[in-house]
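Please look over the sequence and the structure shown here; a short report on some of its parts follows.

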Amino acid sequence: MRSGLLIVISGPSGAGKGTICKGWLEKNSDAVLSVSVTTRPPRPNEQDGKNYFFKTREEFEAMIKDNDFLEYAEVYGNYYGTPRKYVQQQLSKGRDVVLEIDIQGALQIKERFDEGVFIFIVPPTMEELRRRNVNRGTEDPDAVLKRFKCAFKEINFIRRYNYVVVNDSVNDAIENIDAIVKAEKCRVDRNLNLIAQLQGGGICE
Ligand code: 5GP
């Protein structure tokens, strides 16, 4: 069976990664989102096991020791990590898996899974990013400022990704991700088994 595609989505806080991933997953019901583990406290509307698996630092560190993560990183003072087992199981069942993770994590994945698809979501302007972060109201003003300053540094890493998607309109961004995934699946190097089968057909002999 053909392995699923590992789709890694990053971008500065407030660029709209969450909304875009959710929208794309609704259109692609065979694909799954990897729910990360974090030591960040839950926000009021967040549920354990749905948005994140919420753990203490001690629990997280024990998981690091047990090699439970495909990647992990410290982001804005909290740990975040991708559960290894779930992702590997889904990929081997042929399901596409979306990781919505920060740049440090994406670069770790890239070292090991160069065959992944690395997409960076950007806002149309930095002013718009600042406005979205303030309006979102999930963080206090200091945290908003910290995340905004980080965004400038994060954008410097964009060249390590394969694709950039501007989130001006959510629907257009979702369509672009759809187009990227479809094109990636048609790449010759992802279809070598199919090609070998066709070559084994032997009509010219
Ligand atoms: P938030 O606290 O806003 O939910 O997420 C903060 C940042 O952590 C975002 O950039 C998000 O993409 C990133 N993040 C979420 N889960 C993971 C993960 O499993 N690994 C890494 N490296 N980053 C993550």
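Gly77 counts as partly exposed because its relative accessibility is 47%, where buried means under 20% relative accessible area, exposed over 50%, and partly exposed in between, with a 1.4 Å probe and protein chains only. Gly77 lies in the loop between strand S5 (69-75) and strand S6 (78-83), strands being DSSP runs (E) of at least two residues, numbered from the N terminus.

This is a predicted model, in which local features need pLDDT of at least 70 and side-chain atom pairs count only at pLDDT 80 or more, while totals for chains, interfaces and linings use all residues. Residues are numbered from 1 along each chain as its sequence is written, and side-chain values use heavy atoms, with hydrogens and water left out.

In strand S8 (residues 117-122), 6 of its 6 residues are buried. Val117, Ile119 and Ile121 are buried on one side, and Phe118, Phe120 and Val122 are buried on the other. S8 runs parallel to strand S1 (residues 6-10), joined by 4 bridges, and pairs in the parallel sense with strand S9 (residues 163-166) over 4 bridges, pairing being at least two bridges found by DSSP. Ile7 stands opposite Val117, and Ile121 stands opposite Val165 in S9.

| Residue and part | Distance to an oxygen atom of the ligand |
|---|---|
| Arg43, side chain | 3.0 Å |
| Tyr52, side chain | 2.5 Å |
| Gly81, backbone | 3.1 Å |

Taken alone the ligand exposes 520 Å², of which the protein buries 94%, with areas from the Shrake-Rupley method and a 1.4 Å probe.

Terms used: Polar contact = N/O pair within 3.5 Å; in protein donor to acceptor, adjacent residues only side chain to side chain.
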